[in-house]
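Please read the sequence and the model side by side before going through the notes below.

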2 protein chains.
Amino acid sequence: MTDTPLSLSFNPAGIELDRRQGLSRQLYQALRVRVLDGRLASGTRLPASRDLAAALAISRNSVVRAYDQLYAEGFIEGRVGDGTYVAQLPQTALTAKKLSTNLSTGLRTGLSTALSTKPLNLPVVSSSKVIHNAALSRVENNHLAAPPSGPPRAFRVGVPAFDLFPFEVWAKLNAAFWRKPDLQQLCYGDPAGDERLRGMIAAYLRSSRGLQCSAEQIVITSGAQQGISLCAQLLVEPGDGVAVENPGYRAAGHAFAVAGARLHGVAVDSEGIDCRELAGLSDCRLAYVTPSHQYPTGVVMSLARRLELLAWAERAQGWIVEDDYDGEYRYSGAPLAPLAALDRQGRVLYVGTFGKVAFPALRLGYLVLPPALVQAFSQRRAVDVRHSEVSTQAVMAEFMAAGHFQRHIRRMRRAALNRRNTLLAGWPQDIPGIGSLPSVAAGLHLTVMVDSQARERELIDKAASVDVEINGLSSYWLPDSQTPQDQRAGLVLGFAAVPEAQISDALGRLAKVWR
Amino acid sequence: MTDTPLSLSFNPAGIELDRRQGLSRQLYQALRVRVLDGRLASGTRLPASRDLAAALAISRNSVVRAYDQLYAEGFIEGRVGDGTYVAQLPQTALTAKKLSTNLSTGLRTGLSTALSTKPLNLPVVSSSKVIHNAALSRVENNHLAAPPSGPPRAFRVGVPAFDLFPFEVWAKLNAAFWRKPDLQQLCYGDPAGDERLRGMIAAYLRSSRGLQCSAEQIVITSGAQQGISLCAQLLVEPGDGVAVENPGYRAAGHAFAVAGARLHGVAVDSEGIDCRELAGLSDCRLAYVTPSHQYPTGVVMSLARRLELLAWAERAQGWIVEDDYDGEYRYSGAPLAPLAALDRQGRVLYVGTFGKVAFPALRLGYLVLPPALVQAFSQRRAVDVRHSEVSTQAVMAEFMAAGHFQRHIRRMRRAALNRRNTLLAGWPQDIPGIGSLPSVAAGLHLTVMVDSQARERELIDKAASVDVEINGLSSYWLPDSQTPQDQRAGLVLGFAAVPEAQISDALGRLAKVWR
């Protein structure tokens, strides 16, 4: 460890590892926190993995895994023939760091100010219900808010390989719960949710997602949509601007619009949401984003962009709602650490769901909240619905405690990867008007561009005629988007919903009908 | 049947009964509809049961049962030594009748007007979030919105005899569902809920509650609270007045307050909510009521008052949210027909729950909506939460289809009656400051008046010291009530939560500590 952040050498002496726990993860955490707080400045050269392993008396393998993860997340970068360096992070990150010298004080002060002034912000003549009703009428014509039902088929979006769910295990755990229920559990419960499940989720997020959080920060919801909706109801005043990615997840936009928000669609480039455009929105204090795997474009938000976004939230005294809907699915490297794990200011509300690991109809999700927000969310939930159904929560807690959940995630990731590969390998070539396939490093769907909206419509209709389901990228845009119509065209395909054989069949039918 | 509504004689020739179905219920329906539409005017003398039975060629027993129900609901009345007459109904009922000559037209016109003008009602400078936050902070200190958890004990309010729930059956049905799930059911579903369950609920309400409704009018919710909350979110503009019973169910008030309502507490007399006071509230278009068994006073709303309330809703172009939270529990006569069954104008939203028949933590309830409102509610629900968890709905549908539900209701009613009797029989006599016990014809709790709030506090604290849970009636009043503090005092006791032996024990402890 060096005292001057500009030092070009790296001294690992300050890193202490607990040998009873995962060494690679500890090292990763230790290095990451030092990059973030400036102790390891941009451009600092890191020791070769062999040297660091020797200095810390751990295996070289542990160092390589830690470096890999830091590399995947953008904290460090390699220079050919020259070694490994701390990456160049944007200036905004340094600002954020300076302002957060005392984390806990900063957190409480910032939040209590925001919370206490909120009730005094009388909205200017509110047109909330106008928006509200307009939003509801839009929902009607939007497949995103009312996803297709009917038996799963290729290439339904938003559905994992739930044919692989261990239903027999789930049935047994359910029967066991109901046969000897704890009568106390059947009365009214904690609006924040089942205590044991909250603990299991926090432990899972800490170990698998690098998100340091406690059970007290978790609020169980009936799926991700309810989590987003709660954020909208509690954080948005009628008339407030809310930034959403454009194209993006329209059902989230609906939830904010119903709460009275004026939606601003913000462009997404190859690094994620455009923070310069965001910063130009003067009435906007909340941004809804999907950093792990932008929905629907598939962009993974870069570390630099993440830090810029956090700095924006702090400047704006605003909030970031991070929807990590498919963060478990990462096909190269470990899953990226979510935005909430980088948040030092208590400004990120993390939305998680079991719907993409188990199946959507389970309606089980959760929020990870900055500690200062937990009470308000719990209270609102008590008024809205009291709490979620008891057995689903208890059974999921047992499913996690017994190790089924972790095993199932691995199984689901493998399955999604195989299904992705089947789609990529069998994709019909040289179809006029269709762009090239993207590389798909994460998630459960891919997006491919199309020349024009007319062509998009034609391709989708032809697909439907041979019983293949494809979403049009154009339907993910806000209606008042500036981007020309034809540049909004594309195909969005979910590749996980059905087994490989059905995918191949569907591709065969597509190739025929599209030629 | 007579042509002149003022005729004192009654000709049953117009009544046609289908002999393949329940004759007593058909006769009851036929007579009721004739009273409501004026064909049987107030004061009309009905034939003796023996004569009517002969005229219709049915058993006298069937006529007696129909008369009993009409009597219980206030449609007919006996005059000692003189026979049975159609009751004197209020003038407002006749008004309502006249205005609703063409039911279906009236319904659609009234609703579409109300719905289409709604978005144009820009609220006057809205203090919605002030109320909202005030409401949230009130929730914190209110046991009604955050009901006590911990193991059930005497005399917890709001909890049925769920120790009698057939958990073994429920476990088997759950396991059966999960062992062979229909994969289609595990994707996203209809926001209004499971189709089969909606059909079963509609059939149950038609046959057991006299509520003519179709599956299409049912929207499944996660418990009654979510149903109330949905009504609040969709029908209340910030700043609107909303009438609630005072004393009343505070958690419902919170849901309306969170939606921006200005709450008006309206007095409850021996016939139910005071409609004259209600009519004097000029800014008020929505009333939340518990007609079957007022919460917490236990008053059953009279027929005259029900008709007055419906007439108010029509005049105000408003809505009535009818919370029938414990309508299954009626110890003398059949359950009263709910307000929604008398509604000809599509102005009643009926809130039902399985929480008081099964157990609260099931979080399964439903709304029965006027047809014109169903789409808006479904859409809003899709944005809020998509839909309810799948297995609870499917298992309840099977539970109902297999006859377990009806059997269980009978078992629960018997149990609640026995537990009520144990409480009434063992209630400590001559405790200073406690009023006389009411007769308890319905529900799962009773309320007894107390001389002063100081005495209420004292009695409750002493009860708590011997592990007996009692709610103070004073906590059910709105904070700004006009009624003097000491006249708000009382004890609210739930008698169903624990078996008779525990009730007797608790009464013994109370007698000791209260003397």
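The paragraphs below cover confidence, a sheet, a helix pair and some backbone features.

This is a predicted model, in which local features need pLDDT of at least 70 and side-chain atom pairs count only at pLDDT 80 or more, while totals for chains, interfaces and linings use all residues. Residues are numbered from 1 along each chain as its sequence is written, chains are lettered from A and ligands numbered from 1 in the order in which they are written, and side-chain values use heavy atoms, with hydrogens and water left out.

The complex has an ipTM of 0.79 and a pTM of 0.81 from the predictor. Chain A has an average pLDDT of 84, and 85% of its residues score at least 70; pLDDT is the predictor's confidence in each residue, from 0 to 100. In chain A, pLDDT stays under 50 over residues 1-9, with 20 contacts beyond four places in sequence, and also over residues 92-145, with 100 such contacts. A contact means heavy atoms within 4.5 Å.

In chain A, an open sheet of eight strands has the order β4-β11-β10-β9-β8-β5-β6-β7, with mixed pairing. Strands β4 (218-221) and β7 (272-273) of chain A are at the edges with a single partner strand each, so one side of each has no neighbour in the sheet. Helices (H or I, at least four residues) and strands (E, at least two) are DSSP runs, numbered from the N terminus, and two strands pair if DSSP finds at least two bridges between them. Strands β8 (residues 284-289) and β9 (residues 319-323) of chain A run parallel and are joined by four bridges. Leu286(A) is opposite Trp319(A) in β9(A).

In chain B, helices α9 (residues 224-235) and α10 (residues 250-258) pack with their axes 8 Å apart, at an angle of about 30°. Axes are lines fitted to C-alpha atoms, for helices over the stretch in contact, and angles run from 0 to 180 degrees between N-to-C directions. The two helices, α9(B) and α10(B), are therefore roughly parallel, a term for angles under 35 degrees. Residues of α9(B) including Ile228(B) and Ala232(B) meet residues of α10(B), among them Ala255(B) and Phe256(B).

Most residues other than glycine have a negative phi, and most peptide bonds are trans. Ala154(A) and Phe155(A) are joined by a cis peptide bond with omega about 0°, and Phe155(A) lies in the loop between α6 (128-140) and α7 (167-179) of chain A. In chain B, the bond from Ala154(B) to Phe155(B) is cis, with omega near -5°. Arg363(A), not a glycine, has a positive phi of about 50° and sits in the loop between β10 and β11 of chain A.

How values were computed
Angles under 35 degrees count as roughly parallel, over 145 as roughly antiparallel, 65 to 115 as roughly perpendicular and the rest as oblique.
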